[in-house]
Each structure stands twice: as structure tokens, then as C-alpha cells.
Amino acid sequence: DHGLVYFGYLVDLDAEIQLYFLNKKLSGALLILGSDGLNINNCIKKYKLVINSLEEKYGPPVLKETNKDPLANDLVFKTKCSVIETGLYSVQVTWIVDNYKIQSVLWGDYGEIFIEIYYYNTPIWGERSKLKKQALMEKL
């Protein structure tokens, strides 16, 4: 179970990609965009750009979810991105393509906003999760 991390810049945003391997096979990847380049004025626009690119590549998603903390209803925010940067609102879109699960998440925390895209090779990721669980049980 090893990983590699690369840093760069993509669609005018800071980018970090984390690659995960099991038995020398790619089991998953995480692409993190932001927080530099994402703000309360552009996070929805940037997220729509990412979602449109993913839909162009993978087709329509199988699931779209929003998570809104009830506290967000009691507060006044300048923009929807303002709610997101507080961590009170997030959006997740999921695709299933062959043996891959792709999830895109727009979320925030402590005044920062991120777009994350997860790629899972579901058979290998499942084996990876099983081995991690076994290792944890052995430690107990």
C-alpha cells in the first residue's frame, strides 16, 4: 500500500494529485483543486467547469447529492460559496464507469474551498480496504 503525491496547477487552481497503489497496481487517485484560486465569488463557476468536463468524459452522473447543515438556514450569507467555505454546505456528484467509481466533491472548511475528484478502481480498492481492515484487526 504505497502512494505518490504530485503538485501543480490546473484550470487556474492549485492542484495536488495523490496516487494509491496495491501490489503495483493503481487502486485509486485523488485530485484536489484549491484552495488557492477558489473563493466565494467563483467556486460554483469553477465547480460547474469541472462537472461539465467530467460529464463530457463519463456521461451523465448516477448520483448528485447536496449536504446542508440546518445551521445554514439560520445565517445570512453573501453567496452560496460563502456557505460552502464555512463547511455548512457541500455538493457531491458520482459516476460509475466499468470498474471505476468517480466522485467529485465541492466543500469548504475554515474559510477555504476545495474541489476534490476521487477515482477508485473498485475491485482493487475493495481489496485494498479489506487488507487495511485486516491489518487494523491484527493490531487490536
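The model is predicted, so local features are reported only at pLDDT of at least 70 and side-chain atom pairs only at pLDDT 80 or more, while totals for chains, interfaces and linings use all residues. Residues are numbered from 1 along each chain as its sequence is written, and side-chain values use heavy atoms, with hydrogens and water left out.

The protein contains three helices and seven strands; helices (H or I, at least four residues) and strands (E, at least two) are DSSP runs numbered from the N terminus. Their order along the sequence is β-β-β-α-β-α-β-β-β-α. The C-alpha trace spans about 50 × 40 × 30 Å along its principal axes. Of the 140 residues, 36% count as buried, where buried means under 20% relative accessible area, exposed over 50% and partly exposed in between (1.4 Å probe, protein chains only). With contact defined as heavy atoms within 4.5 Å, residues 24 or more positions apart account for 48% of the contacts with a separation of 6 or more. The protein exposes about 8900 Å², of which carbon and sulfur atoms supply 55%; accessible areas come from the Shrake-Rupley method with a 1.4 Å probe, and for residues only the protein chains shown count as cover.

Strand E3 (residues 25-34) has eight of its ten residues buried and is therefore largely enclosed by the rest of the structure. Two strands are taken to pair if DSSP finds at least two bridges between them. E3 is joined by eight bridges to strand E2 (residues 13-22), and the two run antiparallel. E2 and E3 form a hairpin with two residues between them, and Asn-23 in the turn has a positive phi of about 50 degrees. Leu-22 stands opposite Lys-25 of E3. E3 is also joined to strand E7 (residues 112-121), antiparallel, by seven bridges; Gly-28 has Tyr-120 of E7 as its bridge partner.

The largest nonpolar core has 24 residues, among which Leu-33, Cys-43, Tyr-47, Leu-106, Ile-113 and Ile-115 touch the most other members. Such a core is a set of buried Ala, Val, Leu, Ile, Met, Phe, Trp, Tyr and Cys residues joined through side-chain atoms within 4.5 Å. Two or more residues of this core come from each of E2, E3, helix H1 (43-58), helix H2 (80-85), E5, strand E6 (100-109) and E7. H1 gives the most, with five residues.

Ser-90 lies in strand E5 (residues 89-97) and is buried, with a relative accessible area of 15%. Beyond its neighbours within four places in sequence, Ser-90 contacts Glu-65, Thr-66, Asn-67, Leu-106 and Trp-107. Gly-59, in the loop between H1 and strand E4 (63-68), is partly exposed at 21% relative accessible area. With neighbours within four places again left aside, Gly-59 contacts Leu-54 and Trp-95. The C-alpha atoms of Gly-59 and Ile-96, 37 residues apart along the chain, are separated by 9.7 Å.

Some backbone geometries were also noted. Most residues other than glycine have a negative phi, and most peptide bonds are trans. Gly-34 and Ser-35 are joined by a cis peptide bond with omega of about 5 degrees, and Ser-35 lies in the loop between E3 and H1. Asp-12, in the loop between strand E1 (2-10) and E2, has a positive phi near 60 degrees and is exposed at 55% relative accessibility. Asp-98, in the loop between E5 and E6, has a positive phi of about 50 degrees and is exposed at 73% relative accessibility.
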